[in-house]
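Student: I should like to learn how to read the features of a protein model. May we work through one together?

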Amino acid sequence: MSFSGGKDSLTVLNLVKQVYEVDGINKPIDVFFFDEEFVPSSTLRFIDEIRKDPKLNLTYACLQMESELAYCGRIDTIIQWGKNRERWTRQIPDYAVTDWDNIYDVYTVMNYIASRMKGKIANLTGIRAQESPTRRSMI
């Protein structure tokens with residue numbers, strides 16, 4: 001499952017842990033965290049704690065991804081973790097997986113995640129639809 005470190009994905013992760021326990025599944029849960037570079041340090045500390053959970057097999061990825069950065073009334077296109085950028089906001093963790101040959105977007109990054117998983121894959125998403133019409137439209 002993909003995991004952002006937020007409360008929605010934490011709820012889904014806890015539900016998956018419960019299903020594993022009830023069904024007597026003893027193998028670690030495959031979890032994927034995509035570090036988008038501009039992540040609050042509190043979230044990164046939480047992910048580091050999650051990463052140490054023996055019930056999880058966490059893949060931590062720092063991939064080049066095209067996105068828009070909005071600030072001071074401007075919107076610029078940026079490549080998160082871009083190999084040609086002068087500097088990053090912080091260093092990539094030693095345990096992170098990288099791919100310096102490709103630049104992803106929000107759609108192709110899901111293909112990358114799926115390519116690293118084995119067997120049948122289900123995408124579980126926690127969305128609080130009542131908070132936003134945009135989130136509600138994603139259901």
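**Reading a predicted model**

Tutor: Let us begin with leucine 63, which counts as buried because its relative accessibility is 0%; buried means under 20% relative accessible area, exposed over 50%, and partly exposed in between (1.4 Å probe, protein chains only). Please note that this is a predicted model, in which local features need pLDDT of at least 70 and side-chain atom pairs count only at pLDDT 80 or more, while totals for chains, interfaces and linings use all residues. Residues are numbered from 1 along each chain as its sequence is written, and side-chain values use heavy atoms, with hydrogens and water left out.

Student: Where does leucine 63 lie?

Tutor: Helices (H or I, at least four residues) and strands (E, at least two) are DSSP runs, numbered from the N terminus. Leucine 63 is in the loop that joins strand S2 (56-61) to strand S3 (65-71).

Student: Which residues is leucine 63 in contact with, leaving aside its neighbours within four places in sequence?

Tutor: Contact means heavy atoms within 4.5 Å. For leucine 63 the partners include Phe34, Trp81, Val97, Val109 and Tyr112. Valine 109 is 46 residues away from leucine 63 in sequence, yet their C-alpha atoms are 8.3 Å apart in space.

Student: How is the span of helix H1 (residues 7-23) judged?

Tutor: The expected span of a helix is 1.5 Å times one less than its number of residues. The 17 residues of H1 should therefore span 24 Å, and this agrees with its end C-alpha atoms, which are 24 Å apart.

Student: Which residues of H1 are buried?

Tutor: They are Asp8, Ser9, Val12, Leu13, Val16 and Tyr20. These residues lie on the same side of H1, because they cover an arc of only 135° around the axis; the arc is that of the directions from the helix axis to the C-beta atoms. The face turned away from this buried side carries the exposed residues Lys7, Glu21 and Val22.

Student: Which residues touch the most other members of the largest nonpolar core?

Tutor: A nonpolar core is a set of buried Ala, Val, Leu, Ile, Met, Phe, Trp, Tyr and Cys residues joined through side-chain atoms within 4.5 Å. In the largest, of 20 residues, they are Met1, Phe3, Leu13, Val31 and Tyr60. H1 provides the largest share of this core, four residues. A second, separate core has 11 residues, among them Ala61, Leu63, Val97 and Tyr112.
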